[in-house]
Amino acid sequence: MDTVIEYRKGILFIRLIGNLTKETCPLLEKEVNHIIKEYQIKNIVINLEKLKTVDMKGINILYYIYELSKKNKGRVLISDLSNEEVRKRLKKSRLLNYIKEIQNELVAFKLIQV
């Protein structure tokens with residue numbers, strides 16, 4: 001899995017490419033945990049446009065990112081969720097009850113007023 005991280009206008013954008021599984025989660029957790037805690041990041045957008053698959057461990061790391069943001073009094077949004085298999089897994093896990101799904105990253109700027 002590859003991760004592209006960008007901080008723009010008060011929002012941390014995390015773009016996931018490939019598979020978010022138990023094998024790849026530790027790398028994402030280490031990278032994101034460091035950035036969010038060190039810089040007290042509040043608002044996060046997780047772009048899943050190029051995510052091919054996710055397992056329960058991957059869903060747990062997305063929830064962990066949500067919890068980190070919540071501690072900083074921020075919010076997390078999921079954007080560009082185009083893979084139907086990934087969508088089914090996120091809905092089944094109820095993750096989308098906590099993290100709002102949005103159409104694309106541009107919508108994030110409208111929803112998150114910085």
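Predicted model: local features only at pLDDT ≥ 70, side-chain atom pairs only at ≥ 80, totals over all residues.
Helix axes are lines fitted to C-alpha atoms over the stretch in contact, and angles between them run from 0 to 180 degrees between N-to-C directions. Helices α1 and α2 pack at an angle of about 5°, and their axes are 11 Å apart. Angles under 35 degrees count as roughly parallel. The two helices, α1 and α2, are therefore roughly parallel to each other. From α1, the contact draws on C25, L28, E29, V32, N33, I36 and K37. From α2, K57, G58, I61, Y64, I65 and L68 take part. Sorted by class, this contact of α1 with α2 holds 8 nonpolar, 2 polar and 3 charged residues.

The strands form an open sheet. It has 5 strands, in the order β1-β2-β3-β4-β5, with mixed pairing. The edges are β1 (2–8) and β5 (100–102), and each of these strands pairs on one side only. On average, neighbouring strands are turned by 25° against each other, direction ignored. Within the sheet, β3 and β4 pair in the parallel sense, over 4 bridges. I46 stands opposite I78 of β4.

Both helices lie across strands of the sheet. Helix α1 lies across β1, β2 and β3, and runs at about 175° to β2. Helix α2 lies across β2, β3 and β4, and runs at about 175° to β3. Angles over 145 degrees count as roughly antiparallel.

The largest nonpolar core contains 29 residues. Within this core, L16, L20, I44 and L90 touch the most other members. Two or more residues each come from β2 (11–20), α1 (25–39), β3 (43–54), α2 (56–71), β4 (76–79) and α3 (84–93). Helix α2 gives the most, with 6 residues.

Neighbours within four places in sequence are left aside here. L20 is then in contact with M1, C25, L28, L51, T53, V54, D55, G58, I61 and L62. C25 and L28 are contact residues of α1, while G58 and I61 are contact residues of α2.

How values were computed. Residues numbered from 1 in each chain as written. Heavy atoms only, no water. Core = buried A, V, L, I, M, F, W, Y, C linked by side-chain atoms within 4.5 Å. Buried < 20%, exposed > 50% of the residue type's maximum accessible area, 1.4 Å probe, protein only. Contact = heavy atoms within 4.5 Å. Pairing = 2+ DSSP bridges. Parallel < 35°, antiparallel > 145°, perpendicular 65-115°, else oblique. Nonpolar A, V, L, I, M, F, W, Y, C, P; charged D, E, K, R; others polar.
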